[in-house]
Amino acid sequence: MSVNTVAPAAAPPAVIAERLCVSYDGGRVALAEVTFSLAPGEVLGIIGPNGSGKSTLLKATAGLLRVRSGSLEVLGKKPDALPPGSIAYVPQIDAVDWSFPATVRDVVAMGRFPKLGRFRPFATRDRRLVEDALASVRMLHLADRPIGELSGGQQQRTFIARALAQEPAIYLLDEPATGVDAATEETLLEIVRRLAGEGKPVMMSTHDLERAREWFDRLLVLETRQIFEGSTDEVLSAHPQLAHSHAHGHSKP
Ligand code: ADP
Ligand code: MG
């Protein structure tokens, strides 16, 4: 038992959404009446069928979409009012343009750019963070390869490494485990749980609930509107059919 028995003050939530509604320009509502909060060190799984608003919620939390009504606070502020680099947002892999000629290491180094600003050069610490991130996702041996030549799993690892190198205060991951090989999925699970152990908040969308209890502390089930929200155990115990409704196989490494 620790001698430091003074309980820490409960940390304020990392994300607070209240009756959040988001719509695209000229479009209908893509997300409605979403209410949840996420504590530091918790992993929130966002689930729901295609078109249910998972990516929309992550983009809004990243400050990339305007809130139409309701409220959304990230680390106590509107997401677009946070210091640069506070939020790491990893888009769905199929939303990425692979035509630019960058190596894996180049892409990971981009994670440092928000915190470099315009005047501070890339320094020893930045280089070390990039190498550490490459090691975390087990991509050091592929660091000099052009990103476009890699498998989906390797590309996903690269983007996770870029997020790690950023040293953000919160991670938003859009279906990082969809379509990746089994080894990549294990690496991602290990990293996500490590981040939570370090007190980082993580929001992550997924199709696959088979191992939801290993991945997620809480679940948010969307179908444009919020269907359920609660601890993973609460949601899966109340709705056991969820765990079997989105099963899929692995791709090759
Ligand atoms: P999911 O990630 O759960 O598959 P999305 O958040 O991508 O769902 O989409 C939610 C809804 O918003 C869908 O009806 C989709 O067609 C719509 N939508 C997504 N992106 C755009 C966009 N850029 N412009 C207009 N509508 C969009
Ligand atoms: Mg999506």
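Predicted model: local features only at pLDDT ≥ 70, side-chain atom pairs only at ≥ 80, totals over all residues.
View 1. The shell around ligand 1 consists of Y24, R28, A30, P49, N50, G51, S52, G53, K54, S55 and T56. By class, these residues comprise 3 nonpolar, 6 polar and 2 charged. Helix α1, which spans residues 54-61, is the largest contributor to the shell, supplying 3 residues.

**View 2. Polar atoms facing ligand 1.** A polar backbone atom of G53 is placed 3.1 Å from an oxygen atom of ligand 1. For K54, a polar side-chain atom is found 2.8 Å from a ligand 1 oxygen.

View 3. K54 belongs to helix α1. What is the nearest side chain of opposite charge to K54, and how far away is it? It is E175, at 4.2 Å. A salt bridge requires a side-chain nitrogen within 4 Å of a carboxyl oxygen, and K54, although buried, has no salt bridge. The side chain of K54 does reach backbone oxygens: that of G48 lies at 2.8 Å, and that of P49 lies 3.0 Å from a polar atom of the K54 side chain. A polar side-chain atom of K54 is also 2.8 Å from an oxygen atom of ligand 1.

**View 4. Helix α1 and the residue that follows.** Is helix α1 largely enclosed or open? Of its 8 residues, 7 are buried, so the helix is largely enclosed by the rest of the structure. The buried residues are K54, S55, T56, L57, L58, A60 and T61. Just after α1, G63 adopts a positive phi of about 85°.

View 5. The side chains of R120 and D126 form a salt bridge, with an N to O distance of 3.0 Å. D126 is buried, at 1% relative accessibility, whereas R120 is partly exposed, with a relative accessible area of 37%. Which residues are linked with R120 and D126 in a network of salt bridges? The network also includes R112, R125 and E167. A search of the whole structure gives 18 salt bridges.

**View 6. The E149 and R145 salt bridge.** E149 and R145 meet through their side chains in a salt bridge, N to O 3.6 Å. E149 counts as exposed, at 54% relative accessibility. R145 is partly exposed, its relative accessibility being 36%.

**View 7. A salt bridge between R211 and E185.** The side chains of R211 and E185 meet at an N to O distance of 3.5 Å. This pair links distant parts of the chain, 26 residues apart: R211 is in the loop between β7 (202-205) and α7 (212-215), and E185 is in helix α6 (residues 182-197). E185 is buried, with a relative accessible area of 6%. R211 counts as partly exposed, at 25% relative accessibility.

View 8. Where does D181 lie? Its place is the loop between β6 (170-173) and α6. D181 is buried, with 5% relative accessible area. Its side chain makes a polar contact with the side chain of T184, at 2.8 Å. D181 and Q154 are 27 residues apart along the chain, and their C-alpha atoms are separated by 9.0 Å.

**View 9. H141 in a loop.** H141 is located in the loop between α4 (124-136) and α5 (152-165). Is H141 buried or exposed? At 63% relative accessibility, H141 counts as exposed. The C-alpha atoms of H141 and F36 are separated by 40 Å, and these residues are 105 positions apart along the chain.

Notes. Residues numbered from 1 in each chain as written. Chains lettered and ligands numbered in written order. Heavy atoms only, no water. Near = heavy atom within 4 Å. Polar contact = N/O pair within 3.5 Å; in protein donor to acceptor, adjacent residues only side chain to side chain. Helix = DSSP H or I, 4+ residues; strand = E, 2+ residues; numbered from the N terminus. Nonpolar A, V, L, I, M, F, W, Y, C, P; charged D, E, K, R; others polar. Buried < 20%, exposed > 50% of the residue type's maximum accessible area, 1.4 Å probe, protein only. Lys, Arg positive; Asp, Glu negative; His and termini not counted.
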